[in-house]
Every structure is written in structure tokens, then in C-alpha cells.
Amino acid sequence: MLFSDDQIQGQQKTRWNSRFAFLMAMIGSAVGLGNIWRFNYVLYSQGGGAFLIPYITAIIVMGLPFLILEYGVGYHLRDSLSNILKRIKPYLEVVGWFILLIVFLILTYYLVIVGWDVIYLALSFFKGWGADPNMFFSNNIVVGGDDLNSITSFVLPMSLITILLWIVLWYTSCKSIDRIEKIVKSLIPLLFLLMAFIVFYSLT
């Protein structure tokens with residue numbers, strides 16, 4: 001036998017059963033708050049439509065080739081990033097760990113931004129931010145803004161929400177691919193519906 005029963009079960013547990021679910025998961029990892037918030041600002045500040053020329057060029061020249069390479073290598077070697085790079089060249093293993101560290105650091109502040117969204121979503125039902133949303137944000141959510149003197153300030157709502165989001169993320173990550181497939185099949189199409197609603201609402 002090439003594989004033991006445990007290895008076969010492990011491979012089945014970590015394989016996508018649906019191309020649609022895999023596509024939705026990849027779209028979910030690529031499309032985020034940066035696309036909804038940051039891209040619009042950069043597009044506006046860098047000349048509007050003219051910015052799309054270098055942007056699309058960069059996607060074609062660098063983005064797509066690297067994406068194809070990543071998926072191709074991952075599909076062929078079927079291992080973690082650090083192990084894949086180690087199998088290519090042993091000294092590249094540290095690069096894999098460095099990339100994972102960067103992803104983790106991004107996640108630490110990304111969850112905080114999601115926490116802001118969760119709080120504002122709850123407050124939106126009764127406009128709990130009052131007459132001045134900016135002041136409410138500075139005094140109750142961020143506390144101090146970009147003033148490093150307030151870096152030690154403890155904000156109870158944000159702390160609780162952030163802890164809850166970490167628990168949800170950990171719980172979801174521990175589930176099998178089947179469970180994750182069910183999640184992405186429902187949430188990612190919902191994301192597109194919400195974005196379409198936002199665009200329609202902004203145009204009216």
C-alpha cells in the first residue's frame with residue numbers, strides 16, 4: 001500500500017470536493033476590505049481611470065503568473081508553504097515562515113477592522129453613534145486615533161469583539177474542508193450581493 005488508512009483519510013479531509021467551493025474560497029481570500037475601501041481611494045488619488053492602466057498591467061505581468069505558479073506548485077507538492085519551499089531549495093524554508101509571519105501580522109489588524117464593522121453593524125439598527133460618527137469612533141472605538149500616547153488605552157468593546165473573532169476564526173479553521181465549503185458557498189455569494197447593494201445605494 002502506498003498510503004495508510006490514516007493518510008488517505010487525511011488527504012480526503014483536506015481536499016476540496018467542489019470546484020465552485022474552491023473558487024469561492026479563493027475569491028474570499030483575495031477580495032477584502034482593501035478592495036472595498038482602499039482601492040477606491042487609491043484609484044481616485046492616482047488619476048482615476050489612468051491608474052487602471054499600470055494596475056491591470058501589473059496584474060497581467062506579475063499577479064497572474066505568480067498566482068498560477070502558487071497554485072501549480074501547491075497542487076503538485078500538496079504540502080505546507082514552508083515544506084514546499086524547503087523541497088525546492090532547503091534554504092528557502094525560512095522564506096515560507098517569513099510569509100506566514102506577514103500573513104499573521106496582517107490578520108492581527110484585519111480582525112480589528114472587522115471588529116469595527118461588527119460594532120457599527122450593531123449600532124446601525126438604532127444609529128447608536130449619535131450625531132457625530134467621527135467623534136464616536138475616536139472616543140469609543142479607537143480611543144486616541146493615531147496618537148501613540150493612547151496606545152496603552154484599554155477599549156472593552158473592541159477587546160471583547162476581537163477575542164470573539166479570534167475564537168470564531170480558530171473554530172472555523174479547525175473544521176474539515178466539508179464544513180468550510182458550506183461556509184464559503186453561502187457567505188461569498190452574499191458578499192457579492194452586499195457589494196451590489198452598496199453600489200446601487202451609492203448611485204441613488
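This is a predicted model: local features need pLDDT of at least 70, side-chain atom pairs count only at pLDDT 80 or more; totals for chains, interfaces and linings use all residues.

Two packed helices are described by the angle between their axes and the distance between the axes. The table gives these values for the two pairs.

| Helix pair | Axis distance | Crossing angle |
|---|---|---|
| α2 (residues 19-30) and α9 (residues 177-203) | within 9 Å | roughly 55 degrees |
| α4 (residues 52-77) and α5 (residues 81-88) | within 11 Å | roughly 85 degrees |

With an angle of roughly 55 degrees, α2 is oblique to α9. The crossing of these two helices, α2 and α9, is left-handed. On the α2 side the contact involves Phe20, Ala21, Met24, Ala25, Ile27 and Gly28, and these meet Glu181, Val184, Lys185, Ile188, Pro189 and Phe192 of α9. Sorted by class, the contact of α2 with α9 holds nine nonpolar residues, one polar residue and two charged residues.

The axes of α4 and α5 cross at roughly 85 degrees, and because angles from 65 to 115 degrees count as roughly perpendicular, α4 is roughly perpendicular to α5. Here Val73, Gly74 and Leu77 from α4 meet Ile84, Arg87 and Ile88 from α5. The contact of α4 with α5 divides into four nonpolar residues, one polar and one charged.

Just after α3, Gly47 adopts a positive phi of about 100 degrees.

Key
Residues are numbered from 1 along each chain as its sequence is written. Side-chain values use heavy atoms; hydrogens and water are left out. Axes are lines fitted to C-alpha atoms, for helices over the stretch in contact, and angles run from 0 to 180 degrees between N-to-C directions. Helices (H or I, at least four residues) and strands (E, at least two) are DSSP runs, numbered from the N terminus. Angles under 35 degrees count as roughly parallel, over 145 as roughly antiparallel, 65 to 115 as roughly perpendicular and the rest as oblique. A crossing is left-handed if the near helix is turned anticlockwise from the far one by less than a right angle, and right-handed if clockwise. Contact means heavy atoms within 4.5 Å. Ala, Val, Leu, Ile, Met, Phe, Trp, Tyr, Cys and Pro count as nonpolar, Asp, Glu, Lys and Arg as charged, and the others, Gly among them, as polar.
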